[in-house]
Amino acid sequence: MTAHSRPARPVMLGQNQYGKAENRVVKITRDGDTHHIKDLNVSVSLSGDLEEVHLSGSNAHCLPTDTTKNTVYAFAKEYGIESAEQFGIHLARHFVSSQEPIHRARIRIEEYSWERIATSDANSRFIGADEVQHSFVRKGQETRLTEITYDGERWQVISGLKDLVVMNSTNSEFWGYIKDKYTTLKEAYDRILATEVSGRWRFNWTDDEQRMPNWERSYEQVKKHMLQAFAETYSLSLQQTLYQMGARVINNRSEIDEIRFSLPNKHHFLVDLEPFGLKNDNEVYYAADRPYGLIEATVLRDGVEPKIPVDLTNL
């Protein structure tokens, strides 16, 4: 029997999911003259008994992605947006409990923060208001993230942030490393340490019988501990700083069992000013955007199984 005449092996449908990605929803809460903003980018992904839509094209078990989009906007009105996590939990519960073919829902949310614009007293009087409480400027520090997964019984909540750029202008060294014939990097005993923090942390809240964390306070506290650890660690490597950031969070936040960081080392190289007869005493640097060292690691509570994906892609 030739290779061409062998019977074909059966083709199987593997993991599959569908939904509406990046639904931009802005919710304004009007408390008299004082307004509050929640600005989210919500992606819905559903999976379950969906073989026939792939194999035969039957849509009998398919909730249109347009319906999932409409649900996001309707829920913003019906339930409000107390936090990204709470909003995602409402959505995930709804899709799994209301649609029999849907066995698992994953809601991913990016949150963009706004802060109030402080106005002058004179201007407030000019426009006829005692105090302006409806004008905002978009915060540029970081994007808040959360991913809620629900299968009808168990929850998994992984929150985090990205684009948080931080720098220590001293108290960082890097020396004593392996050197071979390709090594040109000079040892540094006083360097700039800068990175753009991308982090994810997993909550140990997994079922409705447990007390739910205070999502808003938890986020603020995790960010605080992370930044304080970055600032307070005398760093001999970015790996050491990463571990201290994770350990500080795990030790101080009992609701979190695991945290993973991806930290690009935003290199700052001293510029050679000797050709101009100038001495560069750790003052003038060239900020290189690429290539960059990329340091990644997970920090866990003792005895906990890691569940945050090593590769944080869309899978």
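1. Buried means under 20% relative accessible area, exposed over 50%, and partly exposed in between, with a 1.4 Å probe and protein chains only. By that rule N265 is buried, since its relative accessible area is 9%. N265 belongs to strand β9 (residues 256–265); strands (E, at least two residues) and helices (H or I, at least four) are DSSP runs numbered from the N terminus.

2. The model is predicted: local features need pLDDT of at least 70, side-chain atom pairs count only at pLDDT 80 or more, and totals for chains, interfaces and linings use all residues. Residues are numbered from 1 along each chain as its sequence is written, and side-chain values use heavy atoms, with hydrogens and water left out.

3. The chain is divided into domain 1 (16–120 + 127–152) and domain 2 (160–314). These bounds come from an automatic or database domain assignment. Between the C-alpha centres of domain 1 and domain 2 there are 29 Å. E142, R144 and L145 supply 37% of the area that domain 1 buries against domain 2, more than any other three residues.

4. On the boundary itself, 17 residues of domain 1 are in contact with 16 residues of domain 2, contact meaning heavy atoms within 4.5 Å. About 1,400 Å² is buried between domain 1 and domain 2, and carbon and sulfur atoms give 42% of that area. Buried area here is the accessible area (1.4 Å probe) that two parts lose on being put together, summed over both.

5. The largest nonpolar core has 52 residues, and V42, F87, I107, V197, W201 and M226 have the most contacts inside it. Helix α3 (residues 84–98) gives the most to this core, with seven residues. Because domain 1 and domain 2 both give residues to the core, it lies between them. A nonpolar core is a set of buried Ala, Val, Leu, Ile, Met, Phe, Trp, Tyr and Cys residues joined through side-chain atoms within 4.5 Å.

6. Leaving aside neighbours within four places in sequence, W201 is in contact with residues including V157, L161, Y219, M226, I256 and I308.

7. For "binding site", an unreviewed UniProt entry lists T65, D66, F174, R191, Q239 and N265. They span 201 residues in sequence and the farthest two C-alpha atoms are 52.5 Å apart, so they do not all gather at one spot. UniProt positions are given in the numbering used here, feature names are shortened, and annotations may be inferred rather than shown by experiment.

8. T65 is placed in helix α2 (residues 65–78) and counts as partly exposed, at 24% relative accessibility. Not counting residues up to four places away in sequence, T65 touches Y18, G19 and K20. The side chains of T65 and K20 make a polar contact (3.2 Å). A polar contact is a pair of N or O atoms within 3.5 Å; within protein, one must be able to donate a hydrogen and the other to accept it, and residues adjacent in sequence count only if both atoms are side-chain atoms.

9. Q239 lies in helix α6 (residues 238–252) and is partly exposed, at 45% relative accessibility. N265, leaving aside neighbours within four places in sequence, is in contact with R191, L193, A194, L238, Y292 and G293.
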